[in-house]
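Please open the model in your viewer and keep the selection panel at hand. The stops below go from one selection to the next.

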Amino acid sequence: MSEDPRDDPRWQQVRAAASRPVPTPPGLVERVLRSVGGVRGRHTTAPLDLPSSGGKTQVSERALVLMTRNVAAEIGRELGGVHVAAVALEEDVLQVLVTIRFGVEAAVADLLRHQVIAALTGQLGSAPPTINVHVVDVHPD
C-alpha cells in the first residue's frame with residue numbers, strides 16, 4: 001500500500017504557503033471570464049495583427065486563445081504534472097494559468113512558456129504576443 005503524499009513532511013511547506021493569502025492580480029478573473037466568453041462565441045473582438053516576415057498575420061482572440069490552450073495543454077502533458085487551467089488574452093498579453101503536481105518544480109512554468117512560444121511561432125508563422133505562465137495551484141497527484 002502506498003503512502004499518502006500528504007503525509008510527506010514537505011507538505012508542511014505547501015500547507016504553510018497555502019495558509020497565506022495570495023492576491024489575484026487586479027482584474028485577472030474578469031479577463032479570464034471575458035476570454036472564456038469570447039471562446040464560447042458570446043464576445044468578439046477585432047483581429048490581432050501579429051508581425052511576420054510577409055507583413056502581418058491576423059488572428060482572432062478566440063482562435064489565439066484556443067490555439068494557445070491546446071498547445072500549452074499538449075506540452076504540459078509531455079512535461080508531466082502540468083495542467084492548463086485557463087488561458088486569457090489581456091492587453092495583448094497571453095496569460096496561461098496552470099496547476100502543477102506536487103514535486104514538480106515551479107520552474108517548469110518558464111520551460112512551458114518557452115516551448116509554447118516556439119510552438120505558436122511555428123503554427124502562426126510569426127511571433128505570438130507576450131506569454132506569461134502563472135502557477136496557480138499545486139495538487140497531490
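Select helix α4 (residues 108-124) in this predicted model, and you will find that α4 lies across β3, β4 and β5, running at about 140 degrees to β5.

Now show the strands by themselves: three of them form an open sheet in the order β3-β4-β5, with mixed pairing. At the edges stand β3 (82-90) and β5 (130-139), each with a single partner strand, so one side of each has no neighbour in the sheet. Neighbouring strands here are turned by 20 degrees against each other on average, direction ignored.

The crossing of α3 past α4 is right-handed. To display the contact, select residues including L64, M67, V71 and I75 of α3 together with L111, L112, V116 and L120 of α4; the residues of the whole contact divide into 13 nonpolar, 4 polar and no charged.

For a last stop, select L28 in helix α2 (residues 28-39). Is L28 buried or exposed? L28 counts as buried because its relative accessibility is 8%, and, leaving aside neighbours within four places in sequence, L28 is in contact with Q95 and L97. A distance drawn from L28 to E90, C-alpha to C-alpha, spans 8.3 Å, although they are 62 residues apart in sequence.

Note on methods
Residues numbered from 1 in each chain as written. Predicted model: local features only at pLDDT ≥ 70, side-chain atom pairs only at ≥ 80, totals over all residues. Heavy atoms only, no water. Axes fitted to C-alpha atoms, helices over the stretch in contact; angles between N-to-C directions. Helix = DSSP H or I, 4+ residues; strand = E, 2+ residues; numbered from the N terminus. Left-handed = near helix turned anticlockwise from the far one by under 90°. Contact = heavy atoms within 4.5 Å. Nonpolar A, V, L, I, M, F, W, Y, C, P; charged D, E, K, R; others polar. Buried < 20%, exposed > 50% of the residue type's maximum accessible area, 1.4 Å probe, protein only. Pairing = 2+ DSSP bridges.
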